Every structure is written in C-alpha cells, then in structure tokens.
Amino acid sequence: MSKIRAFILDVDGVLTDSMIYLSDNGEETKTFNTKDGHGIKLLQRAGIEVAICTGRRSKAVEHRAEELGIQHVIQGAWDKKSSIAELSKALGLKTSQMAYMGDDVVDLPAMRQCALSFAPSDAIEIVRDWVDVVTQRPGGRGAVREAIEIILKKEGLWEQILERYV
C-alpha cells in the first residue's frame, strides 16, 4: 500500500461535535477542538497534506482552516466522491495515498476511494461498520487527533515528531 500523503476531513461530526449553533440573526458558529488542531499541525510538519471536504458552507470553517494553514477547503460538496477525485488531481496524488475521516453516509463514496478510512466513535452505524478504524473518541472531542496519531505511527513518523517535544 502507498504511503499516506494526505488526510481529508469532513467537518460536522468530525472536526465538530455535529452541533450547529445559530444566533437570533442567523449567524452560525461551530466549536473546534484544540487537540485536533494541534494534531493537524503535527501532520503538516510531517509533510502530510490536510484538506477539508464538507457538504455545508460556513465562514467558521474558512476561519479555522486559515488558522491551521489548511489550503485545500472544499465546501458545498454534495458529491464527495467527485470532490476527492478533483482534490487528488490538485494535490498530484493518487487516492491510494489518501486517508479520509467522515461520520455519515454522504462520506462513504469518498471513503471507498481512499486507502485508509476513519470514523469517530459517534458516527452512524453503517459508517462505523464500513471504515478501517473507528476512533475511541467522538467527533469534535479529539477523534481527529486520535486518527492523526494512528497515521503518524503507521507511517513511521511518530517518534520523529515527538523529538521536538521530548
């Protein structure tokens, strides 16, 4: 199997706890986990690209992606399979070099294209049954960080990353 060179993340239910908060004036906010964010930075330092592919559109996602230096952000992706195919071309990678994390049926076509698939512990049952790895943590509560550590260890990069800290 090819080495993982990119990790694609859904947002609602993966990077967030799937809750959408709306103010009285219709402004949407989301809550993101800082451990997930630091994990994304670790993955980037290891030379693995991180991308976002979500069916919804949100300014909060744009802001969080910018904070984390995520350059490839696909919002409004109703056909995630096509979005992943386009992303693989943009990154110059094969889908066999990509991992994907999602939590609902809309993510399954994209997951099936990628070499490695993850779901948070609170993903819907059909997704948990299909993916390669179900994290112990739920979406928005460290599931992304857990998946990232699995990727770094699988790729033999974990010890190298830890050298910076210990």
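The structure holds 1 cavity of 30 Å³ or more, a cavity being a set of points on a 1 Å grid over the protein atoms alone where a 1.4 Å probe fits but cannot get out. This is a predicted model, in which local features need pLDDT of at least 70 and side-chain atom pairs count only at pLDDT 80 or more, while totals for chains, interfaces and linings use all residues. Residues are numbered from 1 along each chain as its sequence is written, and side-chain values use heavy atoms, with hydrogens and water left out.

**Cavity**

- The largest cavity has a volume of about 40 Å³, a volume being the space filled by probe spheres set on grid points that are joined across faces, edges and corners.
- Its lining consists of L15, F32, N33, D36, G37, I40, R64 and L68, where lining residues have an atom within 4 Å of a point.
- Two elements, helix 1 (34-45) and helix 2 (59-68), each give two or more residues to this lining; helices (H or I, at least four residues) and strands (E, at least two) are DSSP runs numbered from the N terminus.
- Helix 1 gives the most to the lining of the largest cavity, with 3 residues.
- By class, the lining of the largest cavity comprises 4 nonpolar, 2 polar and 2 charged residues; Ala, Val, Leu, Ile, Met, Phe, Trp, Tyr, Cys and Pro count as nonpolar, Asp, Glu, Lys and Arg as charged, and the others, Gly among them, as polar.

**Pocket**

- The residues D10, D12, T54, G55, R56, W78, K80, D103, D104, V106 and D107 line the largest pocket.
- Of the residues in the lining of the largest pocket, 7 are charged, 2 are polar and 2 are nonpolar.

**Salt bridges**

- Across the whole structure there are 12 salt bridges, each a side-chain nitrogen of Lys or Arg within 4 Å of a carboxyl oxygen of Asp or Glu.
- R141 and D17 form a salt bridge at 3.6 Å, N to O. R141 lies in the loop between strand 8 (133-134) and helix 6 (143-154) and D17 in the loop between strand 1 (6-9) and strand 2 (21-22), so this pair ties together parts that are 124 residues apart in sequence.
- E67 and R64 are joined by a salt bridge, with the closest N and O atoms 2.7 Å apart; both residues lie in helix 2, 3 residues apart, about one turn of the helix.
- E67 is exposed at 57% relative accessible area, whereas R64 is buried at 17%; buried means under 20%, exposed over 50%, and partly exposed in between (1.4 Å probe, protein chains only).
- E28 pairs with K30 in a salt bridge of 3.1 Å, N to O, and K30 is buried, with 11% relative accessibility.
- A network of salt bridges links D12, E28, K30 and R56.

**Surface and backbone**

- V105, I124 and I126 form a nonpolar surface patch with about 240 Å² of accessible area together. Patches are made of residues with over 30% relative accessible area and no salt bridge, like charges being joined within 9 Å and nonpolar side chains (Val, Leu, Ile, Met, Phe, Trp, Tyr) within 5 Å. Accessible areas come from the Shrake-Rupley method with a 1.4 Å probe, and for residues only the protein chains shown count as cover.
- I126 lies in helix 5 (residues 125-130) and is partly exposed, at 46% relative accessible area.
- S18 has a positive phi of about 80 degrees although it is not a glycine, and S18 is in the loop between strand 1 and strand 2.

Methods:
On a 1 Å grid over the protein atoms alone, a cavity is a set of points where a 1.4 Å probe fits but cannot get out, and a pocket is an open set with protein on both sides within 12 Å along at least five of seven lines; lining residues have an atom within 4 Å of a point.
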